Amino acid sequence: MSEEMVQSSGLRRGYLEERGFRSWAFTHDHKRIGIMYLIATHLFFLVGGLLAVLLRLKLLTPGPALMSSHAYNVLFTMHGAMMIFLFIIPAIPSSLGNFFIPLLIGARDVAFPRLNLYSLWLFLIGIVVTVASLLNPIDTGWTFYTPYSAKSATAVTALSLGLFLVGLSSILTGLNFLVTIHTMRAHGMTWYRMPLFIWGMYATSVIQVLATPVIGMTFVLLVAERLLGVGFFDPAKGGDPLLFQHFFWFYSHPVVYVMILPAMGIISEVIPTFARKPIFGYKAIAYSALAIAFIGFLVWGHHMFVSGMSTTASVIFSFLTFFVAVPTGVKIFNWIATLYRGSISLQSPMIWALTFIFLFIIGGLTGLFLGSLATDVHVTDTYFLVAHFHYTMMGGTVMGLFAGLHYWFPKMTGRMLNERWAFHAWWLIVTGFNVTFFPMFILGMQGMPRRYAEYPAKYQPLNIVATVGSWVLALGILIMFVNFIRSLRHGPAAPDNPWHGLTLEWTIPSPPPVENFEEIPTVTDWPYSYGEKEEPGNEE
Amino acid sequence: MKSEQPKHEGAPVSARLGIWAFLATELLLFGALFTVYAVYRTVYPDLFHQEHLKLNRLLGALNTILLLTSSLSMAVGIAAIRRGRQQVLKIALVLTLLLAAGFLGIKYLEWSEDFSHGLLPKSNLFFGLYFMMTGLHGLHVIFGMLVMAWLLVCANRGQFSADYNTPVEVTGLYWHFVDLVWIYLFPLLYLVG
Amino acid sequence: MPAYRNYVVVWVVLLLLTAVTVGVSFLSLGLWNAAVALGIASLKAVLVALYFMHLRHEVKLVLGFATFPLLILGLIIFGTLTDFLYR
């Protein structure tokens, strides 16, 4: 096939060949469903990012400027709610997870393809309802704490309903993935021959299934409070606002592991591939994913240390919080050990993976200050916290997502990305990110509280620095997205295996055919045997 | 406990895993309400004791009997279709639907009587919980009935057999779960408030 | 119909247990009321799960799916109570 023919037909080969609205709206193909989630979630990434840029504009000056305090409250609420519920939670699992779980385990689709489609529909309906709430935008903060959220004359009810549907979508997706991973692995793919991305997605799905219903019920109770006058969270009726916080964080803490585990799974794929070395400590990484998921359920109270929660509970939660750092640290050591004496190739997926490790270490270490009771009193709800969660969620999950996008773009689209543009986007993003968020650690330690539209003048210089950083970050992200879009049309054709990876998705064409594999492979080896003959777990 | 995979009986393991995973989500959904109950019963034991006496214990017991019997009929229906007895399945589904409707009827009676006495969700924390818990449960009963009605339509078209009865078994598991929730709701609300 | 016999037996036991729990609720046993009520409810639940829901004859994986969530349920109830009980 000539280069030109490939260029013009590249986008319409394989699973992308069939055209028309119905072929997308009613598809059972996990790959198409993954692409639709990808587009929807990244749309909200851009919208949420725009909101952030606006926020930071306001914060250039300490006094009133640019927008009212109410408008500022709306902005940071919508930035948080959109980024968390409509982007970062579904981004990797529903898009890359949907696309690649069947491919990596040698299956033709997920266990319940129709349910997969319905999950997507639920997600889209939830998005519409959530966006509709913008007609009367909420200003409660993305954490919707009572009593204010029960009283705020904004569209809390509509947003709750929208997010309930989005949450239900994620529950059903997680359920689908669990059954898929248990029952649809190719012949010969024992648990210890599974790619680590699958282990990560499995742990993620366990959390999705067990934690999300609690926030679903929390939204229902909040709506009941608003519409029926039920008083579970209302002190005037004998209720307790802290009960809301317990429920909210029972989900919202484990959900940060829903965010990070898939990203860690991606890193576990990218590092060995671009270091041409078997992953170090496969079983440790696999089990640490499960450990993180489980321990993640035990620590939610660390968001409530200064809320009025009992000291006994605070001590217990703080103590348990330290444990979650252990399996996380195990992963980081193992990735670094994989790099050691590897033959490292610094292509775009790899530079993102390395960036992830670096930034996530910072994010993770700063979590220790927050998990530790005494220091938390000083830094909680300050910009220190804001910096911590941006280093973990953006420096971690989002950079891991970028690694996955660059890694798997050729497979999904049949095109290669432009590496030069990718590199320019990369250094702009990394620079912009650090200039934006690192000063916030300092601001927080100096006492600047979060969610304040106006602040004491002494904090202005670092705020200016952070705002300028946000412009650099935004520019870098823009360039990255332009690279994606341009490469879709003009990128050179991608071979089946541009990175010489060993997982199953690289054995099929880019883009894959509808049925994935002509013949389901029989697996005889683990997918990390770069230059190596043996696999672990053989002694089992 | 033996583990067996009979060839002509039972849904495939993926369907069973799927429905149990879904029931896990339902467990946590109701679990949040049970947590609210645990918290406020601990904090307001007298309120709970005093208010729960306003519930009709015998109607609650009757509802328990109706649901338990509906679980029986569902279980019998599944056992029947595993043996290819389509007629028995249809009778079982109709019976389950009638019992479920009876449950909802009694619930309606209870609620309307409560409303007429000025007992509303906002009246106090006990009744807030009572209405939320039985309300959510009732919604699940309604949803179950809708699915069973659809199963009846499919059964009438002869779609189920000894070889294929997955939707029936899966629905049965869901229905038993609905029964399980009531098995706890009944004593917690009616007997030991 | 021997196949259905087990179900009917379980059903009769469930009805009996219901009668007992209602009966006990009319007695004044202080804290034991709750303990007995929850105990009987749990017994009924186990019977429904084992027999009506076929867990008695299920493979281990499904048993795992059915039981692990109970642990998480316990977590939210007791974790939240550590706050409210020790204020």
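How far apart do the C-alpha centres of domain 1 of chain C and domain 2 of chain C lie? In this predicted model, the two centres are separated by 21 Å. The domain assignment places domain 1 of chain C at residues 1-53 and domain 2 at residues 57-87.

In chain A, helix α4 runs over residues 69-105 and has 37 residues. At 1.5 Å a residue the helix should span 54 Å, and because its end C-alpha atoms are 51 Å apart, the two values agree. Most of the helix is covered, since 33 of the 37 residues of α4(A) are buried. After α4(A) comes G106(A), which has a positive phi near 75°.

The interface of chain B and chain A was examined next. Chain B contributes 25 residues to the contact and chain A contributes 28 residues. About 2,100 Å² of area is buried between the two chains, and carbon and sulfur atoms give 85% of this area. Of the area that chain B buries against chain A, 23% is supplied by L28(B), Y40(B) and M132(B), more than by any other three residues.

Most residues other than glycine have a negative phi, and most peptide bonds are trans. A cis peptide bond is found between T146(A) and P147(A), with omega about -5°. P147(A) is located in the loop between α5 (113-132) and α6 (148-151) of chain A. Another cis peptide bond joins S510(A) to P511(A), where omega is about -5°. P511(A) belongs to the segment after α17 (460-490) of chain A.

Positive phi values occur at D381(A) and at H500(A), neither of which is a glycine. For D381(A), phi is near 60°. This residue, D381(A), sits in the loop between α14 (373-379) and α15 (383-413) of chain A. With a relative accessible area of 40%, D381(A) is partly exposed. For H500(A), phi is about 55°. H500(A) is found in the segment after α17 of chain A. The relative accessible area of H500(A) is 54%, and the residue is therefore classed as exposed, for which the cut-off is over 50%.

How values were computed. Residues are numbered from 1 along each chain as its sequence is written. Chains are lettered from A and ligands numbered from 1 in the order in which they are written. This is a predicted model: local features need pLDDT of at least 70, side-chain atom pairs count only at pLDDT 80 or more; totals for chains, interfaces and linings use all residues. Side-chain values use heavy atoms; hydrogens and water are left out. Domain bounds come from an automatic or database domain assignment. Helices (H or I, at least four residues) and strands (E, at least two) are DSSP runs, numbered from the N terminus. The expected span of a helix is 1.5 Å times one less than its number of residues. Buried means under 20% relative accessible area, exposed over 50%, partly exposed in between (1.4 Å probe, protein chains only). Contact means heavy atoms within 4.5 Å. Buried area is the accessible area (1.4 Å probe) that two parts lose on being put together, summed over both.
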